[in-house]
Each structure stands twice: as C-alpha cells, then as structure tokens.
Amino acid sequence: MLGVRGLTLVGTERDPGRDVPLNYYDGTSYHLTTLYADALALARLQQIVLDAFGHEVARIGEHEPRRRKVAQLERDLLVFRRSYWTADFGRQGTVDAMMRAWQQSAGLQQSLQSLINDLGELSRQVQSAETETTNAILGLLAAVGLPLTTGLAVWQGLPQAGASLLWRTLSVTMVATVVLVTFFPGLRRLFVDLFRRRRRRRR
C-alpha cells in the first residue's frame, strides 16, 4: 500500500525467517531499504521542488513580471521535467509503478500542469507588456519626430534660416506635439502606460 504518508508492504504467506533459502521476504526487505526507499525519496524531492517552483511563481506574479526571471523559471522547469521528473529505475517496473502511484496520490501531475499554465500566463503578460512598450516608443517617435522633422525641413528652406527662426520652429514643433498627444487618446494612453511602467521598474 502506497500513499502520501508512506509505503506499507504486507506479505501473503508466512515468513520462514532470515537466511532461509529462497526466502522472498529477504529480497523484499533489501529492496525496501534500497530501491523502494530511493524511489520514495525521489518522489518526495519532486514534491518539494514543485512547491518551491509554485512559491517562486507566486512571488514573481505579485509584481510586473520580468522577461529574464520568467525565462529562467521556464528553463529550470524544463530541466526538471527532462531529468528528475522522468527519472526511472531501469527494469524495476515495480519501482516505476510506485513513483507513478506516489505522483498521483500527492497530485504532482496536477501541480506540474498548473505550473506550466502559470508560467505560460506570465510569459504572455511579459510579451504583452513589451508590445505595449514598443507601441509607446513608436508613438513617441511619431508624435515628436514627425513635427520636428517637418519643422526643421521648413526652417532649412527659409531664405534667412537664423537662430531666432530655429527657436520659433522648435516652439511650433513642441506645440504640435502637445496638440497631437492631447487630441489623440490612444497616443496619450501609450505615453501614460510607458511612464507608469518605467516607475514600477525603478521601484
């Protein structure tokens, strides 16, 4: 009998005693203190590692996720799945069955799938935040760069392109930028989101 509280072996025949030839219980006792104990220790370590992953995902999810941290967690979980989670004991089918029974009894499969889903959601949030930042930067370039480029082109084409006219051109450019940001809600929202995100990162 195997459960989250341990393993119990019950014989179906009388134990003839130690050092009796062909005594099945001698081999079982040996396996209990070696292979079976190792399998249970590994299964318990899997549970500890999954709990640690869950706490780390919860901690990262309390704030805006960073790409580097989320990517590191995804790599660590992949290494765990391809090494310690898929570890087997060769031809010992009984031991592998014990591992699967422990994982099912402790709900480790559900915990692993929940971690994969949570990391996927964090990764999606990171990609969404980066997309919004890129859009804000492009909006900033459009709102500032287009009037500035146009103003400088007009200023260079004037017959008397002096310093006073340059300052007037820059003033008109700044006014045009403010007007664009004021009358286009989407552009204004991109600016606000960009500055808010920078403040959160500084904190």
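Phe53 is buried, as is Phe80, where buried means under 20% relative accessible area (exposed is over 50%, partly exposed in between; 1.4 Å probe, protein chains only). The model here is predicted, so to speak of local features takes a pLDDT of at least 70, side-chain atom pairs count only at pLDDT 80 or more, and totals for chains, interfaces and linings use all residues. Residues are numbered from 1 along each chain as its sequence is written, and side-chain values rest on heavy atoms, with hydrogens and water left out.

Two aromatic pairs turn up in the structure. Rings of Phe, Tyr and Trp (its six-membered ring) pair if their centres lie within 6.5 Å, with planes under 30 degrees apart called stacked, over 60 edge-to-face and the rest tilted. Phe53 and Phe80 make a tilted pair, 6.2 Å centre to centre with 55 degrees between the planes. This pair ties together distant parts of the chain, 27 residues apart: Phe53 sits in helix α2 (residues 35-61) and Phe80 in helix α3 (residues 67-82). Helices are DSSP runs (H or I, at least four residues), numbered from the N terminus. Phe80 also pairs with Trp85, again tilted, at 6.1 Å and 50 degrees. Put together, Phe53, Phe80 and Trp85 form one aromatic cluster.

Then there is the largest nonpolar core, with 24 residues, of which Leu50 and Leu77 touch the most other members. Such a core is a set of buried Ala, Val, Leu, Ile, Met, Phe, Trp, Tyr and Cys residues joined through side-chain atoms within 4.5 Å. α2 gives the most to this core, nine residues. Leaving aside neighbours within four places in sequence, Leu50 is in contact (heavy atoms within 4.5 Å) with Phe80, Trp85, Leu108, Ser111, Leu112 and Leu115.

Terms used:
Helices (H or I, at least four residues) and strands (E, at least two) are DSSP runs, numbered from the N terminus.
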